[in-house]
Amino acid sequence: MTGLSPYQRDLRDRLAAVPVLPAPAPWRPVFESCAAVGGLLGIGFATHPDSGGDLVMVVSSAGHGLFDAVTGEKIARDHDPDPESSTPDAAADLTCPGLGPLTGSRVHIAGLFGGGLHSTTGDGWCVQVVSPDWPHHRVLLSHGSGMPHRDPHGERWWHVFHSDWSELRAVGFSPSGRTLAVATSSDVTLWTRPEGA
C-alpha cells in the first residue's frame, strides 16, 4: 500500500483543522442543538399529505417517531411497532410502515442497514462526509460546482457537523432539498430553508 501524496496529506490536514461553523443562510437549525434519539437505527424523509412539508421519520431501538422538519415538533410516536416490520432490514426495499399522517404508506429508511439520502439539491447544494481522523466523521455542506474545498472555509463550503461521540448513521437532503439531516446512533440534527431559497 502506498502512502498519501503531498496533495492528499494537505487536503486531509486542512479538513481535520477546520472548525465547525453554522450552516450559512438560508439554512437554519431546526432544533436548538439536536433531538436525542437513543439507539437510532436510521431516518427517512416523507412529504406531509396535507401541507406538502417535509417530515422526518426516525427508527430506533425504542420505536418510531415522526418529526415536522420545519418546526421540529414530534407529531407521531409508536413505542411498540410490529416486530415483524419495526426495522428497515425486514423489507427488501429498506422501508418501515409510516405513522401519524403517513399511516398506510411506507417510508424508505437510511442508516445502520444501508440505504441513502440525497447528497445534492437541484439548486447546487451538496453534502459530503469526510473522515480525516477516522473513525470520526465530519459533514461538509457546500454550494456551487467544482472543488469548493479549494476556497477558504466558510465561503463556499462549511464544516457543519462533527461526529466524534456517536456513530454516524445517515446524512443527506430531503427530496425537496429544503431539509438537511444528520443522524447518529444517539441523535438527529436538522437544518431547514424556505421554499425557493
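Author: Two strands count as paired if DSSP finds at least two bridges between them. The model discussed here is predicted.

Reader: How many bridges join E10 to strand E11?
Author: Strand E11 covers residues 136-143 and runs antiparallel to E10. Within this pairing, Val 130 stands opposite Arg 138 in E11. The number of bridges that join E10 to E11 is 7.

Reader: Why is one side of E10 and of E12 left without a neighbour in the sheet?
Author: The open sheet of 3 strands has the order E10-E11-E12, and its pairing is antiparallel. Strand E10 (125-133) and strand E12 (157-163) stand at the edges, so one side of each lacks a neighbour because each has a single partner strand.

Reader: What is the average twist from one strand to the next in the sheet E10-E11-E12?
Author: The sheet is open and has antiparallel pairing. From one strand to the next, the twist averages 25°.

Reader: Which helix lies across E10, E11 and E12?
Author: The protein has 1 helix, along with 15 strands. The helix across these three strands spans residues 6-17 and runs at about 100° to E10. Its name is H1.

Reader: Which strands stand at the edges of the sheet of 5 strands?
Author: This open sheet has the order E6-E5-E4-E3-E9 and antiparallel pairing. Inside that order, 6 bridges join strand E4 (residues 54-60) to strand E5 (residues 63-68), and Val 56 stands opposite Phe 67 in E5. The edge strands each have a single partner strand, so one side of each is left without a neighbour; they are E6 (74-78) and E9 (110-111).

Reader: Which strand gives the largest share of the lining of the largest pocket?
Author: The largest pocket holds about 210 Å³ of space and is lined by 16 residues. Strand E1 (28-29), E12 and strand E15 (187-192) each supply at least two residues of that lining. The largest share, 3 residues, comes from E12.

Reader: How many residues of that lining are nonpolar?
Author: Pro 29, Ser 33, Val 160, Thr 189 and Trp 191 are the lining residues that lie nearest the centre of the largest pocket. By class, the lining has 2 charged and 3 polar residues, and the nonpolar residues number 11.

Reader: What radius of gyration does the protein have?
Author: Along the principal axes, the C-alpha atoms fill a box of roughly 55 × 40 × 30 Å. A compact globule of 197 residues would have a radius of gyration near 16 Å, and the value for the protein agrees with that: 17 Å.

Methods. Residues numbered from 1 in each chain as written. Predicted model: local features only at pLDDT ≥ 70, side-chain atom pairs only at ≥ 80, totals over all residues. Heavy atoms only, no water. Helix = DSSP H or I, 4+ residues; strand = E, 2+ residues; numbered from the N terminus. Axes fitted to C-alpha atoms, helices over the stretch in contact; angles between N-to-C directions. Contact = heavy atoms within 4.5 Å. 1 Å grid on protein atoms, 1.4 Å probe; cavity = no way out; pocket = protein on both sides within 12 Å on 5 of 7 lines; lining within 4 Å. Points joined across faces, edges and corners; volume = space filled by probe spheres on them. Nonpolar A, V, L, I, M, F, W, Y, C, P; charged D, E, K, R; others polar. Rg over C-alpha atoms; globule rule 2.2 N^0.38 Å.
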